[in-house]
Amino acid sequence: SRHRIPPALTAAAAAGAAVLGLCAPAASADIGYEPGAPGLGDPYFPDLGNGGYDVRHYYLKTAYDPGTDELTGTTTITANATQNLSRFNLDLYGMTVRWVHVNGRDASFDRTGERELEITPPKGLRRSSRFTVTVRYDGVPRPLGGPIIFDLPYGFLPTRDGATVMGEPNGASTWFPANDHPRDKALFTLETTVPQGLKAIGNGHLVRQWTAHGKDTFLWREDRPMATYLVTNSIGRFNVSTTTTRTGVPQLDAVDPEVASDPNALKTPALTTRVTDELTGYLGAYPFTSTGSIVENNFVPPLNLDNALETQTRPTYQSPPVEKGVAHELSHQWFGDSVSVRTWKDTWLNEGYAKWVEWYWAEKHGGQSAQSAFRDAYDNPPPIQEGRPPFWNIVIADPTRDQMFHRAIYFRGAMTLQALRHKIGDDLFIRLTRTWLAEHEYSTGSTEEYEALAGKVSGQNLEAFFKTWLHTPGKPTTW
Ligand code: ARG
Ligand code: ZN
């Protein structure tokens, strides 16, 4: 209901009014205006994202001081109201909010819990109207942690010479106020100010950079819809190089000079060119208007971080990647970035496909065939981190929040796809994959939709197959 008055009361009042022969009471200013939901109802993160509006654009203006880790930000969001809004929420973890404007006017705000920013504009926002929110905030971003990302810290992270961002799945809101869920993609402009001599690397293309008052500012723009967890803002010393791939995609690579002579770091730009072009041959047109890499130095005392994230247009590697790492992260530009998960239950659609593309890449380059990689994983699943459920216990299409990046999501996910390829044949599997990507481009897709499309494209009844591989724990024996 879009009404503040409970329906029963309204009906009773209307009935009473009818009996008494009275007119309906005049609508007061905020009747029919309701708060937006504080979450989007994701099964694993019920409070992540917010209801009642749809963000079109984020302008993230930040200044970062690596000496103190202090970040000062002004975020301007342009959004469409999807209901009559009396108030609405943004996700923001920690940080101190100084002021909030809605449509240029002072708005009141509240912090409910440590992750929500509740904003009440002076006047309700009408459904379908466009509005802007500006949030001024500062503080030292606090990383998230726990079992979700391999027990590593994630979010906005200090590095040896600056900072980097690993936002997946709910860490974007560690450094900017957001509708922090892949269901609400938007365009982004990043304007980042750093001490002179350092660089800031964002998504998309560098629009311009300038120096003023002993500081350098970098303006980046991503012109295709992007989920909040894929935003990057890597700060530090970088060797930057640019080129254009054979298929015409502008490329920008940024390498931390501390690892620039590492053999894998030396290969990353050329490999990125090759993988970007070649995946286009398998999967269809590259979905974005730039490609590249950010190669960091993984050693951040006291932690040795070694992880990567498919930050849109330009994956972030916490240490120099090997070939299959580049194939993995760039395949995510299609699976994950262009087609994102509908809810965080669906991570196998990202990680299973990215792992399968690693296998396919090897097969295409005279290495092990994907079918043989399937066999190896089937006979000998990879070792599992201590304290995690055994490999065959994970239900791929609903692994629980803490196991959403369990090794089985990657390997059994890829095995599911390879078994499907084997079952329906190469041509239909590639057609299914390309149709999936085309139908959900710049949007999201769910497991249910994937299963339905697979059935349709193959003309086979795949219910038992998917039940076994995706919805049932235990090692599959027949399928
Ligand atoms: N999607 C990443 C990959 O497999 C894994 C998760 C990284 N996320 C993070 N916050 N570090 O490529
Ligand atoms: Zn991945």
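**View 1. Helices α7 and α8 cross in a right-handed manner.** In this predicted model, helix α7 covers residues 426-439 and helix α8 residues 447-458, with an angle of about 135° between them and their axes 10 Å apart. On the α7 side the contact (heavy atoms within 4.5 Å) includes Leu428, Phe429 and Trp436, and α8 brings, among them, Tyr450, Leu453 and Val457. By class, you will find eight nonpolar, two polar and three charged residues here.

**View 2. Helix α2 packs on α7 at an angle of about 105°.** Residues 263-283 form α2, and the two axes are 9 Å apart. The pair is therefore roughly perpendicular. Look for Thr280, Gly281, Tyr282 and Leu283 of α2 meeting Ile430, Thr433, Arg434 and Leu437 of α7. Four of these residues are nonpolar, three polar and one charged.

**View 3. Ligand 1 has 13 residues around it.** Those counted have a heavy atom within 4 Å of the ligand; Glu168, Asn307, Glu329, Glu351 and Tyr410 come nearest. Asn307 places a polar side-chain atom 2.6 Å from a ligand nitrogen. Oxygen atoms of ligand 1 lie 2.8 Å from a polar side-chain atom of Tyr410 and 3.3 Å from a side-chain N or O atom of His328.

**Notes for all views.** Residues are numbered from 1 along each chain as its sequence is written, and chains are lettered from A and ligands numbered from 1 in written order. Local features need pLDDT of at least 70 and side-chain atom pairs pLDDT 80 or more, while totals for chains, interfaces and linings use all residues, and side-chain values use heavy atoms, leaving out hydrogens and water.

Key: Axes fitted to C-alpha atoms, helices over the stretch in contact; angles between N-to-C directions. Helix = DSSP H or I, 4+ residues; strand = E, 2+ residues; numbered from the N terminus. Left-handed = near helix turned anticlockwise from the far one by under 90°. Nonpolar A, V, L, I, M, F, W, Y, C, P; charged D, E, K, R; others polar. Polar contact = N/O pair within 3.5 Å; in protein donor to acceptor, adjacent residues only side chain to side chain. Parallel < 35°, antiparallel > 145°, perpendicular 65-115°, else oblique.
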